[in-house]
Amino acid sequence: MLENRERGHVEGGGMSASRGAPIEVIQGRRRCGKRRPKLIRPRERFLVDLKRSPDMVNLDIRAGGPFGLKVVLLNARSANGKTAIIQDLILDERADLACITETWLDEAGGVNLTQLCPPGYSVQHQPRSGGRGGGVAVVYKDSIPLTRCPIPQSTLFECVHLRVGDRDRLGILLVYRPPRCTTVSLPELAGMVSGLALESQRLIVLGDFNVHAETTLTGAAQDFMATMATMGLSQLVSGPTHRAGHTLDLVFCQGWEEGGDVEELTITPLPWTDHHLIRFRLAVPPNLRRGGGPNKMVRPRRLMDPDGFLTALGEFPAASVGDPVDALVALWNKEATRAIDTIAPERPLSSTRAKPSPWFTEELAAMKRKKRGLERVWRLKQNEPDRARLCLYLKAYAAAIDAAKNVFFAANIASAKNRPAELFRVVRGLLNPISQDGIPDNSAARCEAFAQFFADKVALIRSSFDTILMAASEDVTRDPACPILMDSFQLVELEDVDKVLGEAKATTCILDPCPSWLVREARGGLAEWVKVVVNASLREGIVPASLKLAVIKPLLKKPSLDPTQLDSYRPISNLPFLGKVLERVVAAQLQAFLVDTDFLDPAQSGFRPGHGTETALVALVDDLRRELDRGSVSLLVLLDLSAAFDTIDHGILLGRLAGMGLGGTVLQWLHSFLEGRSQMVSLGDACSAPQPLTCGVPQGSVLSPMLFNIYMKPLGEIIRSFGVRCHLYADDVQLCHSFPPVTKEAVQVLNRCLAAVSDWMRANKLKLNPDKTEVLLVSRRAEQGIGLQPVLDGVALPLKTQVRSLGVLLDSSLSLEPQVLAVARRAFAQLRLVRQLRPFLGRSDLATVVHALVTARLDYCNALYVGLHLKTARKLQLVQRAAARLITGAAYRERTTPLLSQLHWLPICYRAQFKVLVLTYKALNGSGPIYLSERISSYEPTRTLRSSGEALLSIPPASQVRLVGTRDRAFSVAAPRLWNSLPSDIRQAPSLLGFRKKLKTWLCAQAFNE
């Protein structure tokens, strides 16, 4: 109904019959070496020959000319159900830019928007701000340096503004204006164009304007066309663009007199929409298109056989066993490169060649050939029966494509079922459209700019410490003398190497001689090579110099930030795979030493076995609830550190390592690991020059988190010396100070503690950021916080009613309502996206995706939800019920309790109890943090009772816990109560796995009355 209302002046729906477009066979479907089919070029109905300036570069799009872009414009009349046809059209036309109007997609886009993009393409989408219909999208090749420019959106039309290249050389504005409110929308659109015309040297404005350019215009339409001409924008379309004979889709070009941008514009009808296809060539300078230089060299993965690689590599030469470690690494790089060159030599990859979709089968190729034959017949005869026959076959072709996608997607999800990271990648590729909004320029100059920016940022922080007079006493940084407890590493055996290679993530660095996944697959035959290199490094106490170079990939911090600004990115380092294997061996031995010596701060939860964000938050919230129960006021201070990992002082860290009992080759190896490091920035195929690193630890390494925890160890002792509790997770430092409301000196104590923390940070070359430090007031009444503002480095810290701590929103009353609302909102958004996958996935695969994207959000830190108010918990329960209906296909009014039982899903309140009981089991059996074990104690009756051997826990008496809310929700109270309610055989389960199985079975019986 909407399309008829918006297009009352044209015929809606149907397929149009006309002759004409050049249809090119998709390249890349066949294997190399086979002759490609000829191009079929039927007669074209409308052809506009555009004269170009003699100084214009001669373009040849069909030959993949590096200085031309092929653009197609079409009105999809809803992309829903047509994504396969549109994707085929983009590939057949070999379009660089596909401008699509009337997408009819919502803001999320989802699967339909993702499926518009062929392999090697990305998309920019602008939906209608309100209601159905409308929307525009631009699908473009990844090789095009295209950036989306923010512009104010109107409620009368949709548009998207793109810039090709930098320096505002070429701008593209895609518009869809529905045929309503003409007297208002056209002047508003002209005003927007007038602003953009001044920003770009050349501007292309195109889309569906719903202006009848084939007639004599009057009123607002006449004024609009005159205004566009006044701004130097020439309208280039001269033939009908609609099957009713109207000219509604227009192309305006600015800068025609300076050389021309558009040539060979053609108009061709399409059988599946009432609008015609407009195609033209857009001439651009060489610097406005990536990939115009030499072809990229790649290795075919299908040729990388692990057995063939081992055969080509050969055995490790026995004569090189005693060589220095640097020589051994050089030998590995040389021989591995030779072996990979032997089995899979590099081949040029043309950036203009269309890539086949991974789900495109030979059966689909045969159907496509038949479809194109029917299309040729229709274009030649121009009769309705041929058109109807073609439309019917198009539906069958689209259905076959959907079936092939179903099989492909289901296989991918099934293969990644037990690998969460891979599953997230697969699902993200299905649900989220590819958008190259990142770095608009991959040039070497841009790499150098990034490298200098990251180096200057750290240098600026370090220089501030050198110019400030240190007020801290010597005992802040002094480490006590300690005898040497570990002076050498244990050498590894072949079994150890095989285990480490199997556990390492297959992340390949551009410095690696061969892909890391190939090393993992062939680890049985490579164990001797890796063993010799690792043991040589451990014996000599030297980290090879070639393994200390990191490759930095700038990552946009938030999608809303300006991608052209350097400070919108954070550096993500990637290290050679062999270096990470070496680090894993050292980290395993160093972790065992830390456990034996109990060196780390007990409040540190970051990157430690058995610890995590949930355990840290459970302990923090338990403290806050118990203090709230006593009537106390609590101030929770969340400190913010700037570039903490990057500013660690190597001298101070080595002193800490020596102070904990490390010496000999162990300390020498760690010194070698820290010194002589460098990094370079990589964007595409361009790299910067290596920049030396004189401080910090690489964030992408295996050892860095452990070294950072060692570096931060004295901080907890300083904080607790003031009677202030602290919770740490890597560089997230949280101070919690509780006091009676009438106490006046409590804030002074907290201020002295913060001053000591600030002094320690400066002495240890770490920078606090007072402007981003947050303080939460936890009390029964908000007025109790008057006059309680703490001060950090002379900055008064304002009290907030809610803060985000380790991903959880905490509020002043600890009701967790803001957290539940945020979780429910994000989970529902993900559920709406997952719903679009339902046609492509079976029930089991759909359940896997729901677990990954929805249930995981509901379960994050859900131990805090124990005792949640029913009206608050109901919001999460609604999400779970909707997910159960989605998987089972149940009707809206069908009861969900049987569905949850059928899916073996515990309701929300029981899931929270399950998590608390699992944490309790770990704490009692030594696999959880000490700070949780200290909050619970075994029940020991004064005399022998039957319950003496039942493994019960002591519940705090009513004299210690007054409020009902605290008795139901504080971990130190709720955990013993829930534990004691379990049957004896569950409490005394011998293993964690057995405990979890029995516990879930028992909770299911309780929840569903089974």
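Predicted model: local features only at pLDDT ≥ 70, side-chain atom pairs only at ≥ 80, totals over all residues.
Two strands are said to pair when DSSP finds at least two bridges between them.

Let's begin with the whole chain. Its secondary structure comes to 31 helices and 31 strands. The chain has 1010 residues, and buried ones make up 54% of them. If you take the contacts between residues at least 6 apart in sequence, 74% join residues at least 24 apart. The chain exposes about 44100 Å², with carbon and sulfur atoms supplying 53% of that area.

Now turn to an open sheet of five strands, in the order E23-E24-E18-E26-E29 and with mixed pairing. Strand E23 (725-729) and strand E29 (799-800) are the edge strands, each pairing on one side only. Helix H16 (residues 613-629) packs on this sheet, where it touches E18, E23, strand E24 (732-739) and E26. The direction of H16 makes about 160 degrees with that of E23. Helix H21 (residues 746-763) packs on the sheet too, touching E18 and E24, and its direction makes about 160 degrees with that of E24.

Strands of a sheet pair through backbone hydrogen bonds, either parallel or antiparallel. E18 (residues 633-639) pairs with strand E26 (residues 774-778) in the antiparallel sense over five bridges. Within that pairing, Leu636 has Leu776 as its bridge partner, and Leu635 stands opposite Leu777. With E24, E18 pairs in the antiparallel sense over seven bridges, and here Leu638 stands opposite Gln734.

How enclosed is E18 by the rest of the structure? Seven of its seven residues are buried, so E18 is largely enclosed. In a regular strand the side chains alternate between the two faces of the sheet. Both faces of E18 are covered: Val633, Leu635, Val637 and Leu639 are buried on one side, and Ser634, Leu636 and Leu638 are buried on the other.

Our last stop is a pair of helices. Two packed helices are described by the angle between their axes and the distance between the axes. Helix H23 (residues 843-859) and helix H24 (residues 870-888) pack at about 170 degrees, and their axes lie 10 Å apart. Angles over 145 degrees count as roughly antiparallel, so H23 is roughly antiparallel to H24. From H23, the residues making the contact include Leu846, Val850 and Val854, while those from H24 include Leu876, Val879 and Ala883. By class, this contact has ten nonpolar, two polar and one charged residues.

Methods
Residues numbered from 1 in each chain as written. Heavy atoms only, no water. Helix = DSSP H or I, 4+ residues; strand = E, 2+ residues; numbered from the N terminus. Contact = heavy atoms within 4.5 Å. Axes fitted to C-alpha atoms, helices over the stretch in contact; angles between N-to-C directions. Buried < 20%, exposed > 50% of the residue type's maximum accessible area, 1.4 Å probe, protein only. Areas by Shrake-Rupley, 256 points an atom, 1.4 Å probe, with all protein chains shown as cover. Parallel < 35°, antiparallel > 145°, perpendicular 65-115°, else oblique. Nonpolar A, V, L, I, M, F, W, Y, C, P; charged D, E, K, R; others polar.
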